[in-house]
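Have a look at the sequence and the model first, then read on.

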Amino acid sequence: MSNSAPLHPSIIAMVSLAANIAANHPKKGLCQIERLRGYGVSEEQIDMVVDIARHLRDEAGQMLDAAFDEEAKPVAVPPGLTFAEPTPGCGCTPTAKGNSCC
C-alpha cells in the first residue's frame, strides 16, 4: 500500500474527461466538465484536455483504419477456388443468438 497523497479531484476529473472522449463514451464526459468548472479549472485548460483526447481518439481510429486497409487488401485467388466458409483463423464466432458474423 502506498503512502502517497490521493490525486486532487480536478486531476481525476481531467483524466476521466479525457478517457470518456477518447473511448467515445455515450456520456461524453459532460459531467466531468461541470465538475472541472466547479473546481475553478479554466476553459482553456478544459479545451486543452478535450483537444488532446480527441486527437488521440482520432489518431487511434486512423491507425486502426490503416491497419484494416492493409490487412484487407485483395489477394490473388487461384482460378476456380471458392470460399464457402470463412478461412481458418478469421476469428468468426456466432453472436449470442447464434447468428454468424461472416
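Which helices do the buried residues of α3 pack against? They pack against α1 and α2. Keep in mind that this is a predicted model.

- α3 is made of 29 residues and runs 42 Å from its first C-alpha to its last, close to the 42 Å expected at 1.5 Å a residue.
- I46, V49, V50 and A53 are the names to find here, as these α3 residues are buried.
- A handy rule: an α-helix has 3.6 residues a turn, so residues three or four places apart point the same way.

**The nonpolar core**
- Ten residues make up the largest nonpolar core: A13, L17, I21, I33, L36, V41, I46, V49, V50 and A53.
- At least two residues of this core come from each of α1 (9-22), α2 (30-38) and α3 (43-71).
- α3 gives the largest share, with four residues.
- In soluble globular proteins, nonpolar side chains tend to be buried together.
- Zoom in on A13: setting aside neighbours within four places in sequence, A13 touches Q32, R35, L36 and Y39.

**Where α1 meets α3**
- The two helices, α1 and α3, pack at an angle of about 35°, and their axes are 8 Å apart.
- The crossing of α1 past α3 is right-handed.
- On the α1 side, the contact uses M14, L17, A18, I21 and A22, while α3 brings I46, V49, V50, A53, R54 and R57.
- Sorted by class, this contact of α1 with α3 has nine nonpolar residues, two charged ones and no polar ones.

Terms used
Residues are numbered from 1 along each chain as its sequence is written. This is a predicted model: local features need pLDDT of at least 70, side-chain atom pairs count only at pLDDT 80 or more; totals for chains, interfaces and linings use all residues. Side-chain values use heavy atoms; hydrogens and water are left out. A nonpolar core is a set of buried Ala, Val, Leu, Ile, Met, Phe, Trp, Tyr and Cys residues joined through side-chain atoms within 4.5 Å. Buried means under 20% relative accessible area, exposed over 50%, partly exposed in between (1.4 Å probe, protein chains only). Contact means heavy atoms within 4.5 Å. Axes are lines fitted to C-alpha atoms, for helices over the stretch in contact, and angles run from 0 to 180 degrees between N-to-C directions. A crossing is left-handed if the near helix is turned anticlockwise from the far one by less than a right angle, and right-handed if clockwise. Ala, Val, Leu, Ile, Met, Phe, Trp, Tyr, Cys and Pro count as nonpolar, Asp, Glu, Lys and Arg as charged, and the others, Gly among them, as polar. The expected span of a helix is 1.5 Å times one less than its number of residues.
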